[in-house]
Amino acid sequence: MNGLGRFFGVGVGPGDPELLTLKALRVLQESPVICMPKKGEHSRSYALSIVSSYLDPARQELLELVFPMKRDLDLLPTYWRAATDEIIVRLRAGRDVAFITEGDPLLFGTFIYVYDLLRQAEPSVAIEIVPGVSSVNASAASALLPLATTSDRLAIVPASYALEELSDILQRFDTVVLLKVNDVFDRVLDILESLSLTDRAVYVRRCTSPQEEIVRDVRTLRGQKLDYLSQVIVRK
């Protein structure tokens, strides 16, 4: 034994607390430290809102860590390192730490940045990743839309990072799930219209949560301010 606590990456699903896995629930209730990302000092962690009813602040430390929703690669590593340092302090004290993220930890999860830095700083720490239901799967389920079958090709694409390639991707894949569409939706819609794919697209916002919204005529969303936690599924 090296005296270090264990580090868990726990996916808590897309929004419905009932989609939390049994293993995730056990890890969360047994871990003395629960840490979670939030986008700003005065923001509330969405991951925490999903599992708060399962936690006990009287005996567990709830450690909120700031991960700004920015694309500034000069700024972001500072926050990643600060978060990792906070976690290491607790691990070196022999306390287990569970890092929660909405969806799955390894699919566009904030957890990945901490995971990489932690492995460099403390190579001997025991790490376990508990998968979660991703928003990709949950959105498809909410929309009653199959993602792939037989030889279908499926692409999961962060739209704000792939606009230049998006037309080609939409033509090459049978199903395309577009994440991070909120800031670039009108440009995505232009591309869908140019390929005559608007009637094959479905917009899903905050899937499985009480705020869930499904829009099957995506053209009605042009010019609107959209939620960060939204995506578009294009199924040919």
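So, salt bridges: the structure holds 17 of them, counting a side-chain nitrogen of Lys or Arg within 4 Å of a carboxyl oxygen of Asp or Glu. Keep in mind that this is a predicted model, where local features need pLDDT of at least 70, side-chain atom pairs count only at pLDDT 80 or more, and totals for chains, interfaces and linings use all residues. Residues are numbered from 1 along each chain as its sequence is written, and side-chain values use heavy atoms, with hydrogens and water left out.

Which side chain does D96 meet in a salt bridge? That's R6, at 2.7 Å, N to O. D96 sits in the loop between α3 (76-92) and β4 (97-101), and R6 in the segment before β1 (7-11), so the pair ties together parts 90 residues apart in sequence. Helices here are DSSP runs of H or I, at least four residues, and strands are runs of E, at least two, numbered from the N terminus. D96 is buried at 16% relative accessible area, while R6 is partly exposed at 41%. Buried means under 20%, exposed over 50%, and partly exposed in between, with a 1.4 Å probe and protein chains only.

Next, R90 and E61 pair up at 2.8 Å, N to O. R90 is in helix α3 and E61 in strand β3 (residues 61-66), 29 residues apart.

Finally, T198, in the loop between α7 (185-194) and β8 (201-205). Buried or exposed? T198 is buried, at 14%. Beyond neighbours within four places in sequence, T198 has contacts (heavy atoms within 4.5 Å) including L189 and V218.
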